Amino acid sequence: MELGSRVGAVRSTRVLVGNEVGPAVVLIKDGKIYEILSDRDFSRDVACEVLDVGDSVVMPGIVDCHVHVNEPGRTSWEGFWTATRAAAAGGVTTIVDMPLNSIPPTTTLGNFSEKLREATGKCFVDTAFWGGVIPGNQLELRPMIQAGVAGFKCFLIHSGVEEFPHVTDLDLHTAMKQLQGTGSVLLFHAERDIQQTTEETGDPFQYSTFLQSRPDVMEIEAIRIVTELCMQYQVRCHIVHLSSAKPLNLIQEARRAGAPLTVETTHHYLSLCAENIPAGATQFKCCPPIRDSMNREQLWSALKAGQIDMVVSDHSPCTPDLKKLDSGDFTQAWGGISSLQFGLPLFWSSASKRGFQLHDVVRLLSRKTSQLCSLDNQKGILSPGFDADLVIWDPEREFEIKEANTHHKNKLTPYLGVTLQGVVCATILRGRLVYREGSLCPEPLGKHLLIPQRKNQTQL
């Protein structure tokens, strides 16, 4: 079967339907799942192209709702062409692009239109878009909702780029008033500057120096503000890339009190730990920081208990020079980790050893992420009427991450040379074969996902 061709049916001995894995055939019609038949009910004389994948696992494509594509403006860092090719190679069928670090950022209706123009004809998977909340752009929020953004992101601390300034408490109250009744969601980079009790000292070549500069209390204090706002305004709020387990009690208390609050963590906080980061290895730097192994295990426990809702990549690449590898200075290096292509095997390599099942993978990497950005009526589940977005993969097979098999524009990642469990064999996007065994469809078949206004919201 050629790349780009329409797949009429996918057959496997291991199809994940609901929480059950078993032999089945997924019938596809007009890009949607038409019917799921048990193997014995399937007629071999069916008049369509059948992709028989043996005992490879068939499940919904991954929905990664935290990706920095950086186009327009910083395409030397990434771009829609390379980011979405990497996504397709990793079984990711939908990404949601962050409003920064593109220039301009997605903070006005005009900038959003420019972003859509730039992305046209370059996406190998389906792509939705977050808007941004910055000081003074409150009157842009509702027009951007009407234009189809999935929601908005803000920073409670310096974002790392000048064109996306962080918000004050006043800005937050102003934005929340605009978002009330819209059904939209506000995402928070939840770190807050605190009064440092000791002057920053230490060797910038040592990871511990950087880690001590971003203590857990910065996340705790920021999340305290988020929970209060969420309760006060009853606007959906979401905490991105939780790295510290210490604020989990605050989050749980707010939810029990009725706050519409969700939280994600990332593959790097679940896979890596501070003790194992070598001196000068700035490819491991991100904000908030990777913390110690005890904290990592607490995140896994919270994930298992349902206290953390989803897992994302927070793919945030840059050019190699910005990582300051020559000096190994953690204090000066850009903070961000590239992993969009490898999210599924990264998660499975660790999760499978901790008692997680295949249906947990779908819940945490596809279903909950699609719910966050209001795509859960078309993405994230194998069911008739939903988009025929499928990842076909071998959970038992191992592979080594090498530059040669990495499709991100910049190959630098802390995972180079790491052996992972779980090989993506093929990716199907709305019934079209877009990736198979190392090769990508020559033409980009992804589309823009503009989020319709929610039916339960008041008229804007």
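Among contacts in the protein chain between residues at least 6 apart in sequence, what percentage join residues at least 24 apart? The figure is 75%, where a contact means heavy atoms within 4.5 Å.

Before going on, a word on the source. This is a predicted model, in which local features need pLDDT of at least 70, side-chain atom pairs count only at pLDDT 80 or more, and totals for chains, interfaces and linings use all residues. Residues are numbered from 1 along each chain as its sequence is written, and side-chain values use heavy atoms, with hydrogens and water left out.

Now the overall fold. The protein chain has 11 helices and 18 strands; these are DSSP runs numbered from the N terminus, helices being H or I of at least four residues and strands E of at least two. Its radius of gyration is 21 Å, close to the 23 Å from the globule rule for 460 residues, so the chain is as compact as a globular protein of that length. That radius is taken over C-alpha atoms, and the rule is 2.2 Å times the number of residues to the power 0.38. Along the principal axes, the C-alpha trace spans about 75 × 55 × 40 Å.

Next, burial. Of the 460 residues, 59% are buried. Buried means under 20% relative accessible area, exposed over 50%, and partly exposed in between, with a 1.4 Å probe and protein chains only.

Finally, one residue. Met294 sits in helix α9, residues 293-304. Met294 is exposed, at a relative accessible area of 59%. Its C-alpha atom lies 24 Å from that of Asp203, which is 91 residues away along the chain.
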